[in-house]
Amino acid sequence: MTEPEFTPRAAATLARLAADAEWTRSGLEEAFEPLVPAKASWLADRVVNLYPSPPFDEASIFVLLRDLPFIPEPSVSSQRPTRNSDKPWRFEVPRYETTGQLARSLDLTISEIEWFADLQGRLRTAPFPLQHYRSARLDKRKGVRLLEVPKPRLREIQRKILRRILDRIPAHAAAHGFRNARSPRTFAMPHSGRDVVISVDLRRFFPSIGFDRVVAIFEAVGYPRTVAATLAALCTTVTPASELIGMDRPTAARLRTTHLPQGAPTSPALANLAARQLDIRAAGLARSVGARYSRYADDLAFSGGADIDVDRLLWLISQIAHDEGFTIHPDKTRIRRAHQRQQLTGLVVNSWPAVPRQEYDDLRALLHNCITTGPVEQNLQDRNDFRAHVYGRIARIGETNETRRAKLLNMATQVQWFE
């Protein structure tokens, strides 16, 4: 259904009606009925899905209704009915039947797990010391990326969920990001030596994955709805309004609702699982046109012969992404043919995945300068651990070229890192 765009006056009226209504689907539907009779049921569903618990004030509801056109509807594949308790468990995961069992396994009391899950949204407007995340902005060429890093105790809880549950649920074979024995190199390998390489980027990958989709992942494993909702709440967040200043409206709209935080240890694994249906459909599309497909986080790659119908493939993958609750970034779609430099996640794949020669030459020049003038003079960006940064760059280059790795490591051993 096409999302309506309410005028500020209509959004304010709807917000006032919602603030006075019972915060349930039926209660909100009844409240919306006089103003938008044709959309009341649908609007109530959308509002409750985005805010399972009532916001603190009418202003929050107004902002939600105003920004609704910028918030994607849940994917068709994520709208599954609640699982019956007699359904079998999947995968070798701990079988928590109650929230109490989950709390005990995490060494928490019921009050503590409720505090960290914050299902009632009490901490959304709380002062910073009471919030569970620290935020940091990273400037990009276009816009800002917000990192939301959990504070130590919540981070440890999330690590337990990752180790005990999420690490035991396999992602789709096409997913190469955030997985053991997978890397940018394994992501790029299927596309080496191909006539056409197509790269597609998903816009706002982590913020696009909301609370309901995370609940559906835990329910699909076998957890009862209440346990799945608590697990999902422990792994998602709502960005405080103070952190959204200066952001573009669509991004702010998504961050304002419950989403996967980029910076939490559980988010990469949950993102891979949330994108599983996307991977299944994209891989099927690739097979149907004689192409290959792989994904690294929000980067999708297809490759095929010279006769591949690129326009049709791009149109179809955009429809699939939309169905699954994601959005293609049109400005980042790249089509590269064999006579061009075919690049994926920074690796040139025309013959075999390799770091561009220029990157190798730049690092070799940096190491030469470190040998002659010392590393302090070359640490122009004042990195806290410049040596680790350099060795990280060597490891990246060495992953695809052992000869270059050996040469760079030999130069690195000649640097006087500590005086």
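This is a predicted model: local features need pLDDT of at least 70, side-chain atom pairs count only at pLDDT 80 or more; totals for chains, interfaces and linings use all residues.
Residues are numbered from 1 along each chain as its sequence is written, and side-chain values use heavy atoms, with hydrogens and water left out.

Helices are DSSP runs (H or I, at least four residues), numbered from the N terminus. Helix α9 spans residues 211–221 and helix α10 residues 225–235. Their axes come within 8 Å and cross at roughly 125°. Axes are lines fitted to C-alpha atoms over the stretch in contact, and angles run from 0 to 180 degrees between N-to-C directions. α9 and α10 are therefore oblique to each other; angles under 35 degrees count as roughly parallel, over 145 as roughly antiparallel, 65 to 115 as roughly perpendicular and the rest as oblique. The crossing of α9 and α10 is right-handed (near helix turned clockwise from the far one by less than a right angle; anticlockwise is left-handed). On the α9 side, F211, D212, V214, V215, F218 and E219 make the contact (heavy atoms within 4.5 Å). R225, A228, A229, L231, A232 and A233 make it on the α10 side. These residues comprise 9 nonpolar, no polar and 3 charged. Ala, Val, Leu, Ile, Met, Phe, Trp, Tyr, Cys and Pro count as nonpolar, Asp, Glu, Lys and Arg as charged, and the others, Gly among them, as polar.

Helices α15 (residues 357–373) and α18 (residues 402–412) have axes that come within 9 Å and cross at roughly 15°. α15 and α18 are therefore roughly parallel. The crossing is left-handed. From α15, R357, Y360, L363, R364, L367, H368 and I371 take part. They meet R404, K407, L408, M411 and A412 of α18. The contact of α15 with α18 holds 7 nonpolar, 1 polar and 4 charged residues.

Aromatic pairs number 11. Rings of Phe, Tyr and Trp (its six-membered ring) pair if their centres lie within 6.5 Å; planes under 30 degrees apart count as stacked, over 60 as edge-to-face and the rest as tilted. F218 and Y223 pair edge-to-face, at 6.4 Å centre to centre and 65° between the planes. F218 is buried, at 0% relative accessible area. Y223 is also buried, at 1%. Buried means under 20%, exposed over 50%, partly exposed in between (1.4 Å probe, protein chains only).

Y391 and W417 form a tilted pair, at 6.1 Å and 50°. Y391 lies in helix α17 (residues 386–398) and W417 in the segment after α18, 26 residues apart. Y391 is partly exposed at 24%, whereas W417 is buried at 15%. Ring pairs also link F178, F187, F205, F206, Y296 and F326 into a cluster.

Technical notes: Helices (H or I, at least four residues) and strands (E, at least two) are DSSP runs, numbered from the N terminus.
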